[in-house]
Amino acid sequence: MQTTGDQHLVKKINKTIVLDTIIKHSPLSRAQLSDMTGLHKGTVSTLVNELIDEKLVYEIGLGRSSGGRKPVMLVFHKTAGYAVGVDLGVRYILAVLTDLEGRIVGELQLDLEGGEPEGVLKLVEEAVHSLKAGAPPSPYGIVGAGIGVAGIVDDNGIVLLAPNLGWENVELQRLLQEKLGFPVAIDNEANAGALGELQYGAAREASDIVYLSVGTGIGAGIVIGRQLMKGSGGFSGEIGHTTIETNGKKCRCGNKGCWEQYASESSVMEKARTLGIGKFDELIALARRESPEAVRLFHEVGESLGIGIANIVNTFNPELILIGNQMTRAEQWIRNPIERAVAHRSLPYSRQQAQIRFASLDTHSAVLGAAHHAISAFFSKDRVTL
Ligand SMILES: [Zn+2]
């Protein structure tokens, strides 16, 4: 955003700073706010009063005094409204209702078997309505919904291509906004996952990370200096379609030998089906019972994952690589093969710096990132992005 000397804009910036500081550090007194932000006490007071009128901040009892009168403390009103996050996977819809700090207060999951956009959108609409019905009363109600979708999404919320869902050019944002009647933000599911981990999960303190969503396919949310690197058209991160076998297996994208043909949940399930295992849950259950076949399949997929991760380590020199989505459930069997492959195949300097971890929000990184997207869109209406 371009900044000018415009008074209105200066006020917006100051108000954003005040609210952000309260969100991060509350409870705070007005004097502490003034010290922390460097803003004049009178300015802080005016802005705080506005935020109280807007029901985004409220006052609680008295704080500790350093001498004189005990100060009133200010707290962020995290239940002034609620957001919905939706992870639109290929085989499931996971939806959550969160408060304005991303705490989950309602959740539901539906099975999905791919399908035409119309039917899938109807299910998303029903899921959102059912969560909305369970939302506690609040001044703002539902402030918006964020959707993470396993596909290539442009800036207008159009799903250009979702090979694993079989979708092309679906105007997801417009269609859902019409149905739901509140703002909808659309993101690629891996970017949403990266955002979730940055905001609420394992990457809260990190700067340069790659979040890998390993589910039906593989996508990456690439974060540089805590900003998503989206590419010139917004399509970056389609790392599952990088080639690791010159004449390998055919992929739905049209290429041969794509990484996700060897290292995704669908690739491991393709092999599992030859053993008569039809569902990922069954395969996990078998591995837990130490079935040698199930454990072997996870070791193989772990090694293939490690090969691609070594490429990421060499390319980006990230401080943290987070493995998220469904494959986090196989952590105990894939962790060692991944680490071995990375140790074997990446360059020593980058490898020493890169930590490989599993997403701390487990299968909920994308859904929480999507909810966070909706929350930031709500706040940025009257504020500026700092
Ligand atoms: Zn491909």
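User: What geometry does the site of the zinc ion have?
Analyst: The site is tetrahedral, with angles of 103 to 122 degrees among the four donor atoms; four donors get that label if all angles lie between 85 and 135 degrees. This is a predicted model, where local features need pLDDT of at least 70 and side-chain atom pairs pLDDT 80 or more, while totals for chains, interfaces and linings use all residues. Residues are numbered from 1 along each chain as its sequence is written, and side-chain values use heavy atoms, leaving out hydrogens and water.

User: Which atoms coordinate the zinc ion?
Analyst: His-241 (ND1), Cys-251 (SG), Cys-253 (SG) and Cys-258 (SG), at 2.0 to 2.3 Å. Donors are N, O and S atoms within 2.8 Å of the metal (3.2 Å for Na, K and Ca); water isn't among the atoms, so sites may look incomplete.

User: And Cys-251, buried or exposed?
Analyst: Cys-251 is buried at 9% relative accessibility, whereas Cys-253 is partly exposed at 38%. Buried is under 20% relative accessible area, exposed over 50%, partly exposed in between (1.4 Å probe, protein chains only).

User: What does Gln-261 touch?
Analyst: Lys-249, Lys-250, Cys-251, Arg-252 and Ser-267, not counting residues up to four places away in sequence; contact means heavy atoms within 4.5 Å. Gln-261 is buried too, at 14%.

User: Switching topic: how do β12 and β13 pair?
Analyst: Antiparallel, over six bridges, with β12 covering residues 209–214 and β13 residues 218–224. Strands are DSSP runs of E, at least two residues, numbered from the N terminus, and two strands pair if DSSP finds at least two bridges between them.

Methods:
Tetrahedral: all angles 85-135°; square planar, octahedral: opposite > 155°, others 65-115°. Helix = DSSP H or I, 4+ residues; strand = E, 2+ residues; numbered from the N terminus.
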